[in-house]
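With the structure open in your viewer, please follow the stops below in order, making each selection before reading what is found there.

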Amino acid sequence: MSMHTHETRSTCCYCGVGCGVIIEHDRDRITGVRGDPEHPANFGRLCTKGSTLHLSARQETRALHPELRATRELPRTRVSWDTALEHAADRFAAIIREHGPDAVAFYISGQLLTEDYYVFNKLAKGLIGTNNVDTNSRLCMSSAVTAYKQTLGADAPPCSYEDIDHTDCLLIAGGNPAYAHPIVYRRIEDARKANPAMKMIVVDPRRTDTAADADLHLPLLPGTDIWLYSAMLHVLLWEGLADERFISAHTEGFPELRRHVRDITPAIASEICGLRSEDIVTAARWFGESKAAMSMWCQGLNQSHHGTHNGTALIALHLATGQIGRPGAGPFSLTGQPNAMGGREVGGMATLLSAHRDLASPADRDEVARFWGVPDVPAKPGLTAVELFDAVRDGRVKAVWIACTNPAHSMPDQARIVEALQAAEFVVVQDASRSTESAAFADLLLPATTWGEKDGTVTNSERRITHVQPALPAPGEARADWLIVRDFAHLLGPRLGKDSATLFPYASAAEVFAEHAESTRGRDLDISGLSHALLDRIGPQQWPFPDGARSGTPRLYTERHFATPNGRARFVVPTTATTAEKIDARYPLHLNTGRLRDHWHCMSRTGQVARLYSHVDEARVELHADDLARRGLADGDLVRVKSRRGQIVLRAHASEAQRPGSAFVAMHWGRNMLSSSGANALTAGRVDPHSKQPELKHAAIQVSRADLP
Ligand code: SF4
């Protein structure tokens with residue numbers, strides 16, 4: 001048992017479940033962590049990652065003071081904060097004056113707190129006048145965002161974790177919560193124990209631990225999700241399981257979708273999806289006959305070049321059966337990162353504006369400009385993640401500011417990102433770690449505070465906002481992310497002839513939150529009734545929480561009035577595309593990427609914890625034993641995995657979880673790998689046309705012995 005003198009409430013900084021934690025600490029050291037029994041996301045439980053958080057901070061890798069280099073050939077040297085921020089302001093101002101505001105860009109992170117996000121967004125869109133502020137949430141949730149907007153009218157997941165306790169049919173699509181959202185999965189296990197009649201259907205090309213537990217596993221071929229959901233809708237209609245009254249009273253666009261799925265029979269879909277048609281029929285019947293059907297989805301649907309339509313096709317099953325807005329019913333996207341949702345709330349993406357306002361709407365832009373007290377918000381859409389680094393690579397964007405994320409590891413087609421960071425005139429990296437792949441390219445490194453040191457809010461997958469409190473003072477010269485941005489804005493404004501002191505008046509994170517909350521007044525996510533102080537008093541709350549509310553809102557659309565202009569939910573006729581890149585004789589295997597149980601993102605934290613290697617201890621490619629044998633390979637051999645973009649060397653692992661013809665590489669491994677780069681050396685940057693989310697989940701690859709060229 002750890003000895004400690006203080007306890008501070010916070011949340012786990014890993015996944016979007018957003019578990020509450022109690023940090024046990026002394027004045028200058030975190031000694032332990034335990035689940036917060038009062039937090040409604042986890043009621044005291046933590047998974048392997050959360051329960052080892054206190055072991056994950058290593059001082060040797062911390063960025064503790066600003067570092068600057070004069071030229072690319074020289075190493076960075078320590079400088080003062082004043083020198084660092086003056087230099088950054090000079091460089092940004094010079095580039096903006098010469099090339100215009102769109103020559104700079106910010107690439108931020110779902111790991112940031114909402115207050116950090118808010119200030120970054122205002123810096124780009126309000127002060128500088130560019131919408132070039134995007135985030136790694138683009139790689140994660142943007143297809144869910146556009147799917148919700150296209151169907152329900154707003155980016156608002158309608159469900160709560162407590163719906164798991166009320167559902168009798170849970171369809172998990174493109175997700176492995178047993179690994180990636182473990183505490184939600186514990187709740188699913190409890191619900192199944194309490195209600196043995198509850199059905200669990202899992203749609204996943206791999207037989208993951210979640211899929212192995214399912215009543216029905218649909219191991220579809222990569223990229224064929226829409227065909228499956230279209231065929232399920234076909235069955236629902238054919239068997240009279242659709243709710244025609246709900247459809248006519250609360251939706252629009254159904255006749256077009258009905259026509260579209262008329263010929264997509266289970267027999268046809270089974271060919272395309274590689275599934276048995278009777279399993280498709282069973283899945284549709286279970287969904288349509290249940291009293292309350294719920295779906296959960298994650299990156300398997302989102303990280304596709306038709307991720308938006310994967311989502312709308314799944315949501316259509318709910319709308320066709322009226323399975324929404326009731327306890328235990330509804331489409332529920334799980335967020336990957338701890339605060340992807342908070343970033344969406346403040347509009348911290350190239351295509352969004354504050355409080356779910358739309359960049360494409362002149363009225364919304366005017367509203368935001370008036371609220372901020374700036375002449376206008378630019379109409380031109382900003383560059384989204386893949387576009388942004390392409391623009392850096394070809395010189396349209398000259399300065400890029402990266403905060404709390406590691407694109408040289410996590411973006412698809414790594415080689416292009418490396419070229420971009422090499423080509424940039426000025427790269428700022430603001431991070432708690434100085435050892436990420438991206439930090440190596442920083443001309444200016446700004447040390448930021450991290451988990452256990454920060455004050456602000458996060459919103460988890462079920463729209464629940466928690467105020468996280470700092471347990472420790474900032475180490476070295478590290479500063480809070482919002483504070484770094486505020487101070488930079490104060491220096492940049494005068495160089496551009498603008499009054500940034502008035503625009504960024506904040507003395508605390510609570511003041512930033514207050515402005516954000518006010519900006520949501522009257523919107524679907526109205527949190528004008530919340531403040532840091534109130535959250536401290538009454539605990540974490542789900543939005544909306546308007547002024548005067550006494551508690552949050554666990555479930556949306558209970559009145560069947562959707563967030564579209566006419567209140568009707570919309571059906572969307574989906575594309576019939578499958579994967580962006582096809583397999584062929586040269587690249588005959590489907591690569592799937594995903595997560596391990598005990599690691600998080602690029603392992604800058606979990607990689608520091610010895611016990612988190614006990615589950616999987618090295619980078620490996622998982623293949624079906626038949627695929628290994630066909631290549632003269634055996635379990636444990638070193639193999640070269642190659643796509644049209646790059647190659648990596650790693651150990652082969654025979655796995656019954658893989659369909660023949662498919663391979664799996666976890667996305668975490670980077671420089672730890674034998675070949676010094678990770679799965680994203682192989683992936684491609686093809687994006688969904690609506691969400692601009694890249695297809696990180698699939699690439700065509702070949703596998704051969706490592707000693708062959
Ligand atoms: Fe952290 Fe997610 Fe595990 Fe909860 S489930 S402890 S938020 S990693």
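Begin with Met603, which is buried because 24 other C-beta atoms lie within 10 Å; a residue counts as buried if 20 or more other C-beta atoms lie within 10 Å of its own, as exposed if 12 or fewer, and as partly exposed in between, with C-beta atoms placed from the backbone. Met603 belongs to the loop between β23 (589-594) and β24 (620-623), where helices (H or I, at least four residues) and strands (E, at least two) are DSSP runs numbered from the N terminus. Its phi is near 70°, a positive value in a residue other than glycine. Most residues other than glycine have a negative phi, and most peptide bonds are trans.

Before going further, note that this is a predicted model, in which local features need pLDDT of at least 70 and side-chain atom pairs count only at pLDDT 80 or more, while totals for chains, interfaces and linings use all residues. Residues are numbered from 1 along each chain as its sequence is written.

Select next the loop between β21 and β22, where Tyr557 is placed. Phi of Tyr557 is near 60°, positive although the residue is not glycine, and Tyr557 is buried, with 20 other C-beta atoms within 10 Å. Pro544 is found in the loop between β21 (541-542) and β22 (569-570), and the peptide bond that joins Trp543 to Pro544 is cis, with omega about 0°.

Now colour the chain by domain: domain 1 (6-56), domain 2 (67-140 + 339-542), domain 3 (142-333) and domain 4 (589-705), with bounds that come from an automatic or database domain assignment. The contact between domain 1 and domain 4 takes 6 residues from domain 1 and 9 residues from domain 4, two residues being in contact if their C-beta atoms, placed from the backbone, lie within 7 Å. The centres of these two domains, taken over C-alpha atoms, are separated by 30 Å.

Where does the ligand lie? Domain 1 and domain 3 both give residues to the shell around the ligand, so the ligand lies between them. Of the 14 residues around the ligand, Cys12, Cys15, Cys19, Cys47 and Gly50 come nearest; a residue is near a molecule or strand if its C-beta atom, placed from the backbone, lies within 6 Å of it.

Among the buried residues of α11 are Ile280, Ala284 and Phe287. Phe287 is buried, with 26 other C-beta atoms within 10 Å, and, leaving aside its neighbours within four places in sequence, Phe287 is in contact with Cys169, Leu171, Met232, Ala293, Leu317 and Thr321.

Continue to helix α16 (residues 385-393), where Ala385, Val386, Glu387, Leu388, Phe389 and Val392 are buried. The cover over these buried residues includes β6 (104-108), β7 (133-135), β16 (399-403), α17 (407-410) and α18 (414-423). Just after α16, Gly395 takes a positive phi of about 90°.

Finish at Ala679, in the loop between β27 (662-666) and β28 (699-705). Ala679 counts as buried, with 31 C-beta neighbours inside 10 Å, and touches Thr593, Val665 and Met667, not counting residues up to four places away in sequence.
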